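Please look over the sequence and the model below before reading on.

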Amino acid sequence: MACLLEAPLRISVLSEVTATSRHYVDRLFDPDPQKVLQGVIDMKNAVIGNNKQKANLIVLGAVPRLLYLLQQGSSSSELRAECAVVLGSLAMGTENNIKSLVDCHIIPALLQGLLCPDLIFIEACLRCLRTVFISPVTPVQLLYTDPTVIPHLMSLLCRSQRTQEYITQIFSHCCKTPEHQTVLFNHGAIQNIAPLLISPSYKVRMQALKCFSVLAYENTQVSMTLVNVLVDEELLSQVFVRMMQRDQPIDMQLTAAKCLTYMCRAGAIRTDDSCIVLKTLPCLVRMCSKERLLEERVEGAETLAYLMEPDVELQRIASVTDHLVAMLADYFKYPSSVSAITDIKRLDHDLKHAHELRQAAFKLYASLGSNDEDIRKKITETENMMDRIVSGLSESSVKVRLAAVRCLHSLSRSVQQLRTSFHDHAVWKPLMKLLQNAPDEVLVMASSTLCNLLLEFSPSKEPILESGVIELLCSLTQSDSPALRVNGIWALMNMAFQADQKVKGEIVRALGTEQLFRLLSDPDSNVLMKTLGLLRNLLSTRPHIDQVMSSHGKQIMQAVTLILEGEHSIEVKEQTLCILANIADGNTAKELIMTNDDILQKIKYYMAHSNVKLQLAATFCISNLIWNEEDGEANAMTGSQERQDKLRELGFVDILHKLTQASDPNLCDRAKTAMQQYLA
């Protein structure tokens, strides 16, 4: 069995190989089994805490020989167990050590060893497997390759507290995808692991708890099952509540809170349940306090942000719990100047976690401020908050940039903040810079924020327009990502709202008619809706309607026809009929409808539709077509009379008459208003 190693590592380590290291490996080949056993025990003692010795032994080929001895049926139980212990010790070295062990096929060999009846050997194999699997360089899929492995591990849970601890730890580290969750769930993970939550061993309880947190994450099936599980005649959720009590170790409190959070987000526990409002939320807020370790504060803040993200009431409760909004400001104060002077080790620790702390704080602020105006105000009034967000947008860490722009997006939903804090701090400048070059996930959130900054009442709209943003937004509409296409067209739609003809002309020129009509046939309904919204905003005010329709009328009418004929939602067809109503309000543009019998028949069809929204939009269109007042000119009056006569011939008056009896008051009023034009 060949042990594969990277060439550079082999050269650098070989230069340090000592005669002693070679002696340890040579003893593994002794014909006397007792000497081999003693050699393995001596090797075990030699490698403890000695990474250089571990690397030497791996390079000298100790791993294939240890694996051979471990798998030999003729080897004594003691020798096999000692081999597993040494392999476990080698695995505790560097990541390169782990890679070498995995390349030597240590995982299948150890999994095979679990079939042996000897408990000490099983525990040694499991301990080594645990060490290998918790390394980030080990492919977790190796646990799922053989379908017999998971059920066998489940059957070993009852053997001892050590097997319980190691197996649950392996599960919690190797459960990374919904598919992994399903495999573990289908093989009885819940019923096999639940009793371990009341084990006398803290390590077993803790690993079982971590197992449930990864199983329940974003998994409705698991969460719905967990909520009905009884452990020693007590509901599992109550067991988790007990584990969150202040007298429990912090790691246990935090992990139990994560379990309940994930069950709540999956819909298994209501957001107003007392175990969430009175236990989980306060526990997670406690984890954000200065007294906690930096790692705990990060995990607490991120879990709390996830818990209350969709629920405004939880956001309000959290915002007034233990001065949370002010408490989070402390997350930006690492590394502190004191630690820089007095304690280099502390400085290194603070620097390591500073990015994570800022990321967690931005995430939690984003979640807190996603709905409530008062909370947003409280956040922006926190010391230097807007400056911190602006700084966050240009941080080196992509994760911090993403969290900062999420926070900005959350605050940008406030009309008041758009008019004050966002304007005072010229937030649009770093946002525009971020949009020039960023990963897609950052681009989606940044462009979504830009949509809000381009709303009509935002003071940032004018300077953004002057910065040449139109080209950038048009390029987003050509993205492969539906989210980026939506945001690009949404921003253009907001920009076109009540804009002057110059801006509208620039949008049409930059986007190009070909791309505009490509977007009108986009498979994503959100893209289609926003494109229709843009078109509707471009076709507002009569001079603009006439100008756009004189140059692009044929293509627009063609697109409208296709949408009204296609299999689209009520919302899409309503928006399309509203565009027709705008066209019908033009002075010259309305002739494009009047000379198109196919469109007139479609309007007639939708006036008699079963959906009131579509009836209303179609009736609005006819109302604009027959309207009398067109600057009072004689030829205009003649034009309206001709249109009225044609529409009467086509049966529109009869439909309008029926609609004056409609049960919907808006539709009834609109039909009556239109009928009055015939009497005028």
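## Terms and basis

A residue is called buried under 20% relative accessible area, exposed over 50%, and partly exposed in between, with a 1.4 Å probe and protein chains only. This is a predicted model, in which local features need pLDDT of at least 70 and side-chain atom pairs count only at pLDDT 80 or more, while totals for chains, interfaces and linings use all residues. Residues are numbered from 1 along each chain as its sequence is written, and side-chain values use heavy atoms, with hydrogens and water left out.

## Salt bridges

The whole structure holds 28 salt bridges, each being a side-chain nitrogen of Lys or Arg within 4 Å of a carboxyl oxygen of Asp or Glu. One of them joins Glu234 to Arg242, with 2.8 Å between the closest N and O atoms; Glu234 is partly exposed at 24% relative accessibility, and Arg242 is partly exposed at 34%. In another, Lys377 pairs with Glu381 at 2.7 Å between the closest N and O atoms, where Lys377 is partly exposed at 32% and Glu381 is exposed at 55%.

Arg265 and Glu309 also form a salt bridge, their closest N and O atoms lying 3.3 Å apart. This pair links distant parts of the chain, 44 residues apart, since Arg265 belongs to helix α17 (residues 250-265) and Glu309 to the loop between α19 (294-308) and α20 (312-319). Helices here are DSSP runs of H or I with at least four residues, numbered from the N terminus. Arg265 is partly exposed at 29%, as Glu309 is at 35%, and together with Arg406 they are linked in a network of salt bridges.

## Cysteines

A disulfide is a covalent bond between the sulfur atoms of two cysteines. With the criterion of two cysteine sulfur atoms within 2.5 Å, a search of the whole structure finds 0 disulfides.

The sulfur of Cys83 has its closest cysteine sulfur in Cys125, which at 9.9 Å is too far for a bond, and Cys83 is buried at 0% relative accessible area. For Cys211, the closest cysteine sulfur is that of Cys175 at 7.4 Å, again too far for a bond, and Cys211 is buried at 2%.

## Domains and a bent helix

Domain 1 (14-138) and domain 2 (551-679) are given by the domain assignment of the protein, and bounds of this kind come from an automatic or database assignment. Their centres, taken over C-alpha atoms, are 83 Å apart.

Helix α37 (residues 542-565) bends by about 85° at His552, the bend being the angle between axes fitted to the seven residues ending there and the seven starting there.

How values were computed:
Helices (H or I, at least four residues) and strands (E, at least two) are DSSP runs, numbered from the N terminus.
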